[in-house]
Amino acid sequence: MLEVEGLAAGYGRIPILNGIDFEIGRGEIVGVLGHNGMGKTTLLRTLTGEIRATGGAIRFEGADITRLAMHRRARLGIGYVPQGRDIYPQLSVMDNLRMGEIVRRGQSAVPELLDYFPVLQALTERPGRALSGGEQQILALARCLAGRPRLLLLDEPTEGIQPSIVDQIQAKLAELAKALDLTVLLVEQNLRFIAALAERVLIMQKGTIVATITPEQLSDQAIVDEYLGI
Amino acid sequence: MDQVANYLFQIGFSFSIFILISLGLAVIFGMMRVINLAQGEFLMLGAYFCTLCNHFGINLWLSFILSALAVGVFGIIVERLVIQWLYGRIIDTLLATWGLSLLLVGGVTTIFGPQTESVAAPLGNVQVGAFGFPIYGLVMMAIAVAALAAVYAFWRFTRYGLIVRGTMQNPTISAALGVNRSLVYMLTFAFGSALTGLAGAVLAPIVGAYPTLGIVYIAKAFITVISGGHLPLVGTVSASGLFSTIDGIVATVSSSVIGEMTVLFVAIILLRLLPLGITGRMTRGV
């Protein structure tokens, strides 16, 4: 599904990613763990095309997309839910959802998504800015899914969200990934969340992937200390 | 009775001018946050294009549409050559568009000379009691209201309008949702340019076309859009309504110069009291 080879990127002249290699197979849920500043978000932003790769290659379903513009990658089926959600503050919840499928042809996915996320049903006319953090996260996820992506890039979906909603999002994601045949790359700091969802966890340090572990190993204190300890 | 009609006409006429000259800027500055100092010259180009059409015997109403299209195409050229490299860089945009403004004034003076090219105002007068009102003034009001309604409907109810509103709020996430933001920016700039070209063409029968035409109107347009606040359309309409009422009344009882001075004075006080403009605290609308 997604192959990343020797990927390098950065901001201006400051390199952040130094040779990232990994692959994700179709239907897999892969987690990415690492401290702040290790390049997790930069990795996602380079995969979406927001940041230009300075080296290496990204292949999506066999096609080289390393130099492709951001909106073209989205149209190929790469969905992205950024950290901080990026809900349109002045658009209603319904218009936010419609933006998610605005360039896609075919039937609207909005009714189906409102069924998946009943919490949004009562909010459709509310402006995006009036939603709580948890509601915004759910809306951002639903908006992304409205475009019917095949690969979903999630950046810290649990950040700043109360625990009860985190559990809901976790259950929803597991259900949706199966129902919609999604492949997911999940950047997260919440160990419990990532352990519950991911089949494989990549550990990132200083702009490279230093190890791949199983979610079970996340409950092993020695391993957690080795890669994520202070 | 005649006196009331006279005031209403003056206010309506003033309103139509405020709306016409500000609508394009409401799109380019209000929505896109591009400070286009050449905006007045876009207006001037619209007026010249209208006089050219007139020269070749083209129907006046058709010339309005052609002028809007021509300045819209000109807007595309300007956006691709200059503006697209400068989004988010306010000082650079100011300098570049100021330079463009000088270039356009100089260029037009070289080609057409400094004199005023005129288009005969059509339609004659309608008599109400002691006052005769030019019917063309009423037509201008109709055009202003129609342009406003069209822009509002376009923004609020069409798919493209939604794309623009979303993309202006957050271009990056729009691109992540598959929107070609560069294209959206280009077309939105062209749309604002076309509205300005239309305004210039509609003004041509009453003020004519001359190279420095834009300078007369650009300050008024910026003041209107800025006083309107962050909701470009609602703000521009409310600011236009306020300013034209003041302008219409004061200009009728004293003179048009005093009318314009009063508008400026009110705008200064308004922005002192409401620094974010009339719509500063409103959260919904366009």
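I call two residues in contact if their C-beta atoms, placed from the backbone, lie within 7 Å. I'm working from a predicted model, so everything below carries that label.

**Entry 1: chain B overall**

With that cut-off I looked at how far contacts reach along chain B. Among those between residues at least 6 apart in sequence, 77% join residues at least 24 apart. I then went through the secondary structure and found 11 helices and two strands in chain B. Read from the N terminus, the order is α-α-α-α-β-β-α-α-α-α-α-α-α. The radius of gyration of chain B came out at 19 Å, close to the 19 Å the globule rule gives for 286 residues, so chain B is as compact as a globular protein of that length. Along the principal axes, the C-alpha atoms of chain B fill a box of roughly 65 × 45 × 35 Å. Buried residues account for 49% of the 286 residues in chain B.

**Entry 2: helix α5 of chain B**

I picked out α5(B), residues 135–157, which has 23 residues. From first C-alpha to last, α5(B) reaches 32 Å, close to the 33 Å expected at 1.5 Å a residue. Which residues of α5(B) are buried? I noted B:G137, B:M140, B:M141, B:A144, B:A147, B:L148 and B:V151.

**Entry 3: two helix pairs**

First I took α3 (residues 93–100) and α5 (residues 133–146) of chain A. Their axes come within 6 Å and cross at roughly 35 degrees, and the crossing is right-handed. On the α3(A) side I listed A:V93, A:N96, A:L97, A:M99 and A:G100, which meet A:L139, A:A142, A:R143, A:C144 and A:A146 in α5(A). By class, the residues of this contact are seven nonpolar, two polar and one charged.

Next came α9 (residues 213–228) of chain B with α10(B). Here the axes come within 7 Å and cross at roughly 115 degrees. The crossing of α9(B) and α10(B) is right-handed. From α9(B), the contact uses B:T224, B:V225, B:S227 and B:G228; from α10(B), I found B:P232, B:G235, B:T236, B:S238, B:A239, B:S240 and B:F243. The contact of α9(B) with α10(B) has four nonpolar, seven polar and no charged residues.

**Entry 4: where the chains touch**

How many residues does each chain put into the contact? I got 18 residues from chain B and 21 residues from chain A. On the chain B side, α6 (159–169) and α7 (171–176) each supply at least two residues. The largest share of that side, six residues, comes from α6(B). Sorted by class, the side of chain B that touches chain A has seven nonpolar, seven polar and four charged residues.

**Entry 5: two arginines with positive phi**

A:R85 has a positive phi of about 70 degrees and is found in the loop between β6 (78–81) and α3 of chain A. B:R33 has a phi near 60 degrees and lies in the loop between α1 and α2 (39–55) of chain B.

Buried or exposed: what is A:R85? A:R85 is buried, because 24 other C-beta atoms lie within 10 Å and 20 or more is the cut-off. B:R33 counts as exposed, with 12 C-beta neighbours inside 10 Å.

Notes:
Residues numbered from 1 in each chain as written. Chains lettered and ligands numbered in written order. Predicted model: local features only at pLDDT ≥ 70, side-chain atom pairs only at ≥ 80, totals over all residues. Axes fitted to C-alpha atoms, helices over the stretch in contact; angles between N-to-C directions. Helix = DSSP H or I, 4+ residues; strand = E, 2+ residues; numbered from the N terminus. Left-handed = near helix turned anticlockwise from the far one by under 90°. Nonpolar A, V, L, I, M, F, W, Y, C, P; charged D, E, K, R; others polar. Expected span 1.5 Å × (residues − 1). Rg over C-alpha atoms; globule rule 2.2 N^0.38 Å.
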